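I am opening a new page in my notebook for this chain. I will begin with the chain taken whole and then turn to a single residue.

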Amino acid sequence: MTLVYPGSFDPVTLGHIDIALRGAKLADRLIVAVLDNPNKRTLFTVNERVKLLKDAFRDTAKIEVSSFSGLLANYVELNKANAILRGLRNAGDFESESQYAVCNKMLSEGIDTIFLPASPHYAHISSSIVREITLVGDDKHLKNMNIPMVTPATYAALLAKKSKGER
């Protein structure tokens, strides 16, 4: 079975990594697919996000990382995937993700979506929270990022963006 785990991953968090690793246990092949949406303002370029994800999964043979633009349903069909994998942190995630699941099923040849609930110790993490803490917070807040939310490579990349004044 092949699963596609799509997202913007801006930046990739330990919550994303946890969902991918758990999803890989359900599949023969898991594609982590970084969305390249020109209408969405991101902190990291698509290539930077792909690189950070490849670094995170460098020792996991079942996980591939790539990028895509356009409709997810088309990407899933192109890669002959059996299902889409999505992580859920809370009921709000389920509400919005279930709408996407129905649309993707209608747009494709009946592709299903598999939902995995976030592990309790990652359920509070989101990319937007990580960006805000890192880019808006002061040194005290950055030191508190030692409570792991991201990989060391992602943390270094966030600090580099902050030092360049990127937001």
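I began with burial in this predicted model, and found that 44% of the 167 residues in the chain are buried.

Next I looked at overall form. The radius of gyration is 16 Å, which agrees with the value near 15 Å that a compact globule of 167 residues would have. Along the principal axes, the C-alpha atoms fill a box of roughly 50 × 30 × 30 Å.

Then I turned to the secondary structure, where I found seven helices and five strands, arranged along the sequence as β-α-β-α-β-α-β-α-β-α-α-α. Of the contacts with a separation of 6 or more, 75% are between residues 24 or more positions apart.

I also looked up the charges: the chain carries 21 positive and 18 negative side chains, and the centres of these two sets lie 4 Å apart.

Is Leu116 buried or exposed? Its relative accessible area is 12%, and because buried means under 20%, I recorded Leu116 as buried. Setting aside neighbours within four places in sequence, I listed the contacts of Leu116, among them Ile19, Leu26, Leu85 and Leu88, and also Arg22 and Arg86. As a last entry, I noted that Lys161 is 45 residues from Leu116 along the chain, and that their C-alpha atoms are separated by 31 Å.

Definitions and conventions
Residues are numbered from 1 along each chain as its sequence is written. This is a predicted model: local features need pLDDT of at least 70, side-chain atom pairs count only at pLDDT 80 or more; totals for chains, interfaces and linings use all residues. Side-chain values use heavy atoms; hydrogens and water are left out. Helices (H or I, at least four residues) and strands (E, at least two) are DSSP runs, numbered from the N terminus. The radius of gyration is taken over C-alpha atoms; the globule rule is 2.2 Å times the number of residues to the power 0.38. Buried means under 20% relative accessible area, exposed over 50%, partly exposed in between (1.4 Å probe, protein chains only). Contact means heavy atoms within 4.5 Å. Lys and Arg count as positive and Asp and Glu as negative; His and the chain ends are not counted. The place of a charge is taken as NZ of Lys, CZ of Arg, CG of Asp or CD of Glu.
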